[in-house]
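Please read them alongside the sequence and the coordinates.

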Amino acid sequence: MGSNVEIVPITSQKHDPAWKHCQMFKNGDKVHLQCLYCSKVFKGGGIHRIKEHLAGQKGNASTCLRVPAEVKTAMQQSLDGVVVKKKKKQKIEEEIASVNRVDSVPEGFAGNCQSGDDEFVHFSNVNETSSSALVGGTLGNEGEVKKRRISGSSVIPIATAGVDYCTALVEKRVGGGDGVQIAIARFLYDIGAPLSAVNSDHFQPMVDAIASGGPNVVPPSYHDIRGWILKGSVEEVKSDVNKQMETLERTGCSVLVDQRNTSDGRTLLSFLVSCPERVVFVKSVDASDTVNSPDRLYELLKQVVEEVGVQHILQVITGVEDRYVIAGKKLSETFPTLYWSPCAAHCIDLILNDFAKLEWINGIIEKARSITRFVYNHTAVVNMMRRYTFGIDILQRGLTRSATNFVTLKQMVDLKDTLQGMVTSYEWIDCPFSKQPGGLEMLDLVSDQSFWSSCTRIVCLTQPLLRVLRIICDRKRPPMGYVYAGMYRVKEEIKKEFLKREDYVVYWNIIDQWWEGKWNVPLRAAGFYLNPKFFYSIKGNIHGDIQSGLFDCIERLVPEVDVQAQIITERNSYKNASSDFGRRVAVRTRETMLPDEWWATYGGSCPNLTRLAIRILNQACSSIRYKQDDIPIERVHDTKNGLENQRLSDLVFYQYNSRLRDIMTKKEEQDTLDPLSYENVRFLEDWVNSKDVFIDESMKSDWAAIDPPHGNKSMLGGHSEDYINELETVFDDAEIFSRAKEGMEETIEENVAR
């Protein structure tokens, strides 16, 4: 190429995957593309020709002989996708052409029935006779819908002619290959079931069973479903629950108390038992007349402990409200072989909530929310954003409401470059919404480096806490051996971020208030001590507070004095890595095996300490991961007839335990729920709800035209292995340990005063 050739940078607006594998040049007024692998220059044909070159598709371009195999495969798949899209578009056009209703459908309404590439639908040619079919807008002289400001309204223009047309198209598709999908959808619409029901683990097996039955399949009757089928399902679940409960002699358990407040002001408590393999639901109680009285609440907790078996229970986990604290302390006095513990996830949520109240953090969150409120209230902007992010949403639902704020902020930081590329693109400049106040504000914020610097600092501040929250709520790995180390890392990373003591102590004080300052949980310190990953990483003597936590657990959880003495003796073998603890295979697997499995494998020479270690390391720390607020438990307590009450109780027992079993066995996968769906909006309402809805037919917001997300990673499930690996094995900050000790001393003083 000549000396007048100029390299043209490939901007983020170039979305075709082939742009990553070529270089663009400008030679005068002409644009050339050069393959990065074989250096062949293409003077025409555009990016599609480069893609054919890389894919080895003969015809319009020569084949690249140096392209990596994975790139060649990716380009071929991309070309195949283009063909599929063209065929799909052609099929839709043929369907539209075959519906013989053209004369009765105004031309402008045709766009209402499809969500193609066009982002805006215009109605400039709507006939005057159709004006009565419009809702929420008025027609001007030229047939355009005038802009109206509607506070708290979601009404949009609807055309009856367009509806008739869509009905005809649906009827045609019912007769084609989409009849099954439409029949299922209409069934869900009719019964008012949540549309997320299709994500149930039991949905596909149901479809498969119906399909295997053939055209003469006989569906169950109403009495079948509430009769013999329910009876068999309940018996199956009860058998599974009984098997889980049989393991408690070896592993022990935690009783989890989950509170639900209903819309009519009642308080329902669900009692669950955390077993090694999974959590099981025991029963629910209408505690509306009980929950506000610590004494009556204590009696209820005492009853549940006795039903489960006090000899199996290491701790009872509840909320952190004062009534639970009082009832829990009284419970641990009545049963000196168990602990009362606050829900660790609730504590983390309260810490994050207090962080969000700090003026500088709250200001950044509100600015970030102004971006998402604008994006997620305009169809064209949502679609543009998802094209630039390849289907990934800015919004992310966290495990709690407070966590959602910081998970979404982290997602926004991760998408910074993409968002900046979007608001500086020609597509954005040409978009009518970019001229609105919200669009201009979004442009200013996304272009503001100080905004992003503050976002990044908040992410650094809160990510350690979110990591602990994921560890606490992990569905596969018991968290008790990791929580103490996780909270140590939280303080350590905050200290490194802010450096000056007067800066980081602000956040330490909030953590101490909700973590160490109000209650002491020896189980967490003991879990740290008994986790070989951390114990053997400490050089020198282990800190006294951690050792005291272990001794406290020995005294409380092991009532036999002679067994206590044996455990103290056996502890020396563990401490010195003698006997099987010192084997090379045991040393190699300290960090790779689950702590309880490591003890079960190498702790044979110390049977009493091993039994205690397995029981402690198998315990839960929270109930929040197992909440099932959509199961209609209140129906049980509304029914006064004894027989129907028993039937509904069995139904809830099956539903709850079936869901809990699915939680533990479900593989981690992409979240198929849209962040704008009802299931998620309850958590994200502060990020998406707009006070006013603008309706402007030239800049229409239409839910039916929104492109679905397809790249969102679920924040609600999965394993915490990556987070566990981030927990380093150095614990040498004396200030962190001393702060913990101060919190414990304050707790003791409060208990004495009480």
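1. Salt bridges, overall. The whole structure contains 31 salt bridges, a salt bridge being a side-chain nitrogen of Lys or Arg within 4 Å of a carboxyl oxygen of Asp or Glu. This is a predicted model, in which local features need pLDDT of at least 70 and side-chain atom pairs count only at pLDDT 80 or more, while totals for chains, interfaces and linings use all residues. Residues are numbered from 1 along each chain as its sequence is written, and side-chain values use heavy atoms, with hydrogens and water left out.

2. E685 and R401. These two side chains form a salt bridge at 3.4 Å, N to O. E685 belongs to helix 30 (residues 678-688) and R401 to helix 14 (residues 401-414), so the pair ties together parts that are 284 residues apart in sequence. Helices here are DSSP runs of H or I with at least four residues, strands are runs of E with at least two, and both are numbered from the N terminus. E685 is partly exposed at 31% relative accessible area, and R401 is partly exposed at 43%. On this scale buried means under 20% relative accessible area, exposed means over 50%, and partly exposed is in between, with a 1.4 Å probe and protein chains only.

3. R501 and E735. A salt bridge joins R501 to E735, with 2.9 Å between the closest N and O atoms. The pair links distant parts of the chain, 234 residues apart: R501 is in helix 20 (residues 501-514) and E735 in helix 32 (residues 734-753).

4. Other salt bridges. D580 and R583 meet through their side chains at 2.8 Å, N to O, in a salt bridge. D580 is partly exposed, with a relative accessible area of 23%. Elsewhere, a network of salt bridges links D264, R266, D286 and D638.

5. Positive phi. Which backbone angles deserve a check? F390 is not a glycine, yet its phi is positive, at about 60°. F390 is placed in the loop between helix 13 (379-388) and helix 14. S579, also a residue other than glycine, has a positive phi near 55°. S579 sits in the loop between helix 24 (561-576) and helix 25 (584-588), and is partly exposed at 45% relative accessibility.

6. Helix 24 against helix 27. At what angle do helix 24 and helix 27 (residues 607-617) pack? The angle is about 90°, and the axes are 7 Å apart; axes are lines fitted to C-alpha atoms, for helices over the stretch in contact, and angles run from 0 to 180 degrees between N-to-C directions. The two helices are therefore roughly perpendicular to each other, the class for 65 to 115 degrees. From helix 24, V563, Q566, I567, E570, R571 and Y574 meet P607, N608, L609 and L612 of helix 27, where contact means heavy atoms within 4.5 Å. The residues of this contact divide into six nonpolar, two polar and two charged.

7. Confidence. The chain has an average pLDDT of 81, and 80% of the residues score at least 70; pLDDT is the predictor's confidence in each residue, from 0 to 100. The pLDDT is below 50 over residues 99-163, a stretch with 96 contacts in the model beyond near neighbours in sequence. Over residues 743-754 pLDDT stays under 50, and the model has 15 contacts beyond four places in sequence for them.

How values were computed. Angles under 35 degrees count as roughly parallel, over 145 as roughly antiparallel, 65 to 115 as roughly perpendicular and the rest as oblique. Ala, Val, Leu, Ile, Met, Phe, Trp, Tyr, Cys and Pro count as nonpolar, Asp, Glu, Lys and Arg as charged, and the others, Gly among them, as polar.
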